[in-house]
Amino acid sequence: MRNLLLLTVVAFLSACATTSSEKPPLIVDISDQEVSYDGETYPVSTGLKGTGSVLGSNKTPIGEDLYVGKKKKGKYGPCLEVHGKCENGIEQKERYIEFHGTSQRLGVPLSRGCIRTSWAVSRQFYEEVPVGTSVIIKR
């Protein structure tokens, strides 16, 4: 009986570990001005000046080696930060690229490099997207 209980606990913990480590990525499509997460797609606004990774360029970085951090208080309230290296190897944390809410138009490039979403989506992402989640930003 004790061995059966132990096997049940081990199986349960293994299932939990597998589920938590398989978090879906945030995928930003610059050409469609959309972000996809966990089977849902939302409109965004990315950099008005296009794509790029240079500090001060006001461009949205492209890359697949990026991940999410969280910022509790910022200019735009709680938001997700983009960390990691973009396609040319430049670290993005110093650029302060964020997923944050806006009341401005979505679906067209208007930002200074950040990924703007609706206020509701920004709050949803802050609450639901775990730190360390992969971020893919593609043309």
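**Entry 1**

I began with strands S2 (residues 34-37) and S3 (residues 40-43), which pair in the antiparallel sense over four bridges. Helices (H or I, at least four residues) and strands (E, at least two) are DSSP runs, numbered from the N terminus. Two strands pair if DSSP finds at least two bridges between them. The model is predicted: local features need pLDDT of at least 70, side-chain atom pairs count only at pLDDT 80 or more, and totals for chains, interfaces and linings use all residues. Residues are numbered from 1 along each chain as its sequence is written, and side-chain values use heavy atoms, with hydrogens and water left out.

Which residue of S3 stands opposite Tyr37? I found Glu40 there. The hairpin has two residues between its strands, and Asp38 takes a positive phi near 50 degrees. Asp38 is not a glycine, yet its phi is positive. Asp38 is exposed, with a relative accessible area of 57%. My accessibility classes are buried under 20% relative accessible area, exposed over 50%, and partly exposed in between (1.4 Å probe, protein chains only).

Tyr96 sits in the loop between S5 and S6. Tyr96 is exposed, at a relative accessible area of 56%.

**Entry 1: strand S1**

I took Ile27 next, which is in strand S1. Ile27 counts as partly exposed, at 27% relative accessibility. Not counting residues up to four places away in sequence, Ile27 touches Glu34, Val35, Ser36, Ile136 and Lys138. Contact here means heavy atoms within 4.5 Å.

Asp29 lies in S1 too, a strand of residues 26-29. A salt bridge needs a side-chain nitrogen of Lys or Arg within 4 Å of a carboxyl oxygen of Asp or Glu. Leaving aside neighbours within four places in sequence, Asp29 is in contact with Glu34, Lys138 and Arg139.

**Entry 2: salt bridges**

How many salt bridges does a search of the whole structure find? I got two.

One joins Glu98 to Lys71, with the closest N and O atoms 2.6 Å apart. Glu98 lies in strand S6 (residues 98-102) and Lys71 in strand S4 (residues 63-71), so this pair ties together parts 27 residues apart in sequence. Glu98 is buried, at a relative accessible area of 6%. Lys71 is partly exposed, at 22%.

The other joins Glu87 to Arg139, with the closest N and O atoms 3.0 Å apart. This pair links distant parts of the chain, 52 residues apart: Glu87 is in the loop between strand S5 (79-85) and S6, and Arg139 is in the segment after strand S8 (134-138). Glu87 and Arg139 are both exposed.

Which residues of helix H2 (residues 119-128) are buried? I listed Val121, Ser122, Phe125 and Tyr126. Seen down the axis of H2, these fall within an arc of 135 degrees, so they line one face of the helix. The arc is that of the directions from the helix axis to the C-beta atoms.

I then checked Gly101, in strand S6. Gly101 counts as buried, at 1% relative accessibility. Gly101 and Ser122 are 21 residues apart in sequence and 5.1 Å apart in space, C-alpha to C-alpha. Leaving aside neighbours within four places in sequence, Gly101 is in contact with Tyr76, Thr117, Ser118, Trp119 and Ser122.

**Entry 3: the core**

The largest nonpolar core has 20 residues; Leu26, Val35, Phe99, Phe125 and Ile137 touch the most other members. Elements giving two or more residues to this core are S1, S2, S4, S5, H2 and S8. A nonpolar core is a set of buried Ala, Val, Leu, Ile, Met, Phe, Trp, Tyr and Cys residues joined through side-chain atoms within 4.5 Å.

I looked up the contacts of Phe99, leaving aside neighbours within four places in sequence. They include Leu26, Val28, Val35, Leu80, Ser122 and Phe125.
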